[in-house]
Amino acid sequence: MDRHNPINSEPGILNLSHAQVFVYMLLAVITILFLFLTNAYVFRMNFEDWQPLPMPSLLWLNTCSLVVASMGMAWATRGAKKNNQTSLKTGLLVGGLFALFFLTGQFWAWQQLIEYGYLLANNPANTFFYLITALHGLHISCGVVAWMVITKKSWNPNGDRPSPSQVSLLATYWHYLLLIWVMMFGLFLST
Amino acid sequence: MEQSAAYEGQQVYHPKGWWGHYVFSQDHKIIALQYTCVALAIGLTGMFLSMMMRMQLGFPGLFDSIDAGNYYQDVTMHGMIMVIYLLTALFLGGFGNYLIPLMLGSRDMAFPFVNMLSFWVYFLSVIILSASFFVPSGPTGAGWTLYPPQSILEGTPGGDGAGILLMLISLAVFIIAFTMGGLNYITTVLQSRARGMTLMRMPLIIWCIFLATFLGLLAFPALFVGAIMLTFDRVLETSFFMPEIFKGGEVLDYGGGSPVLFQHLFWFFGHPEVYIIALPAFGIISELISCHARKNIFGYNMMVWALVAIAGISFIVWAHHMYVAGMNPYLGFFFATTTLIIAVPTAIKVYNWVLTLWHANIKMTVPMLYCLAFLITFLIGGLTGLFLGNVSVDVPLSDTYFVVGHFHMVMAVSPVLALYGGLYHWFPSVTGRMLDDRLGKIHFWITFVGTYLIYFPMHYIGFLGVPRRYYSNEQYDFIPQSVADLNQFITICALIVGASQFILLYNFVNSTIRGKKASKNPWGACTLEWQALESPPGHGNWGDQLPVVYRWPYDYGLPGATADFVPQNVPDEQIT
């Protein structure tokens, strides 16, 4: 260790921006949260009273909307990087609206399950399903708040446009929540 | 001015009006003060609750108002308040907020608005927690570990009312506040260091707060999940944790759940939580011991790697809190082994502190007294931890006063000694005035000697097999009269120590108003928080120009220098 000479080190790690470090760490925390839920799910699954519930086929459609939402965000990121306002705006709209479709779809899937009598407190498998989808939905909803801020900014005629890094971080959040959904959906399907 | 270019991304926020300056402030120093004041206020409540417990144990039946239910509520709230709402909040929210930007040569936290939000959400969690004192059946009395099924069933104090719910909600809100603050600390440490402040030139306390924050961010989600699932079990009658329960001949709606699952979730958080509290205490001691012994810290690199090792291993020891919950003996063996291994990096730290003192120019200031007291106390608490880490020793001692003595020594008295040392050390930086030295020494000696008189006898009571958490020890033949006498003695000591904390409080208030004016760097410390232009540091911390760092933070007694310390921002050519 060099203790006595000035070092011309630039502040920051791996050339990441403040916001990137913040969001990546946040994603790590979210990962841990869902990891604990998965652990608890697998632990509880091995008890006698566990009865898996059928997955409504609507969930496949919801998964597709989340994939499209993610693609929309990727499109918006490209638009922002190339300063192409049309693709930025279209991408953002696709990304946000399909995320909202996903949320509506998830809510609908709940309704279907309730209709078929798979109530929250009937079985631990049901409770886990509602709890995990609710927490995932809550994270998507928080993303939608950030999406609204950035989308409003990009329609602002004379204000600051959202920077490519902001749009790209929002897209990262979208991709990551898609990944988490796929993992959780996979967990539900395989058990 | 090339400095400002590197910091273009970090905009400095400018407060507007009195509210902006002192209430909804985004300045890390004000937020640190807000965290400290709220944490100390709720901590005083926690101390008052412990006095109520001691009155019952020392003089059973003296107060009619303390019944078994109240007693359990006092025990529960005392534990939770002290561990989470006082120590975690004060070390990370208070010390973390104040020291990270100042010690790293930054203008503020990376995200000041999120930082402000973090405090207000923490404040909300304290309000929710305090509200449980005022609901009809009072706060929860389930014990601070909140083990189901008992914690959410009727009959447990607070279990039939809102008490347990308010506790669980308050914890979830606290975790959200901590996450916002924690992400900020991590980002600031990684991103906002002054030029020349490499990671291996950071003061050890910043390393400690940084790693403790990491632990918190990775461990608190376990408690969050546990709290939400327990809330579901309580409100929606689900059965995550609830087995089949027969109550008064009736079968309750629950069935099939696993109480041990909650224990795993709780302790996966609970053990790292010990280090979330201990690491900042280690950091404070490292700073204080080096500065007040006028000698560089021994083995800086080893200290950093020991911290990293402690942080890592702390995630694989949690089940040593669950030896009696019923576990596979091989699993017990594994957790006993990891528990003993964590003693190695911890011992490295203790040796390094002792070696720092070796042949040093030790100044017996109040902060140094606290350092020495910490070293002894932490050593004793750590040694009894080695006993309890072994399954075969733990099983007979489990749930006795030996455990109470152990954890109070290692994670209550030790961190509080470090905390007080830190408060005395950094008080001049915050207020520009010195704390009264004479009052400080009186407060120190009463606290230090008093805590030993309180907790040492508890080990002995534990060896006699007296169970913890019992409201009354009177009806048991195996508990001799000497225990009642000792309990009286402990209670009297506890009352004296409790009362002596008001000396500190008085010293704070009096010295803030009338204290002796402090010079800019009264302790002659090398770290950056004492090198700001003004004392106390103004808004934006550094005036026009950010500091540049040329050396590590412990250049005490540098050969060739006239002064016995060289601050971090002094280049070699300016050393006189």
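**A walk through chains A and B**

In chain A, residues 24 or more positions apart account for 75% of the contacts with a separation of 6 or more; two residues are in contact if their C-beta atoms, placed from the backbone, lie within 7 Å. This is a predicted model, in which local features need a pLDDT of at least 70 and side-chain atom pairs count only at pLDDT 80 or more, while totals for chains, interfaces and linings use all residues. Residues are numbered from 1 along each chain as its sequence is written, and chains are lettered from A and ligands numbered from 1 in the order in which they are written.

Let us stay with chain A for a moment. Its average pLDDT (the predictor's confidence in each residue, from 0 to 100) is 90, and 93% of the residues score at least 70. Residues 1–10 of chain A have a pLDDT below 50, and this stretch has 18 contacts in the model beyond near neighbours in sequence. Chain A has 5 helices and 0 strands, where helices (H or I, at least four residues) and strands (E, at least two) are DSSP runs numbered from the N terminus. The C-alpha trace of chain A spans about 65 × 50 × 20 Å along its principal axes. Of its 191 residues, 35% count as buried; a buried residue has 20 or more other C-beta atoms within 10 Å of its own, with C-beta atoms placed from the backbone.

Now to the place where the chains meet. Chain B brings 41 residues to the contact and chain A brings 32 residues. On the side of chain B that touches chain A, the elements giving two or more residues are α6 (163–191), α7 (204–235) and α8 (259–292) of chain B. The largest share of that side, 8 residues, comes from α7(B).

Leaving aside neighbours within four places in sequence, V225(B) is in contact with L33(A), F36(A), L37(A), A40(A) and L265(B).

Finally, look at helix α12 of chain B, residues 366–389. Its 24 residues reach 34 Å from first C-alpha to last, close to the 34 Å expected at 1.5 Å a residue, counting 1.5 Å times one less than the number of residues. Helix α12(B) is mostly covered, with 17 of its 24 residues buried.

Technical notes. Buried ≥ 20, exposed ≤ 12 C-beta atoms within 10 Å, placed from the backbone.
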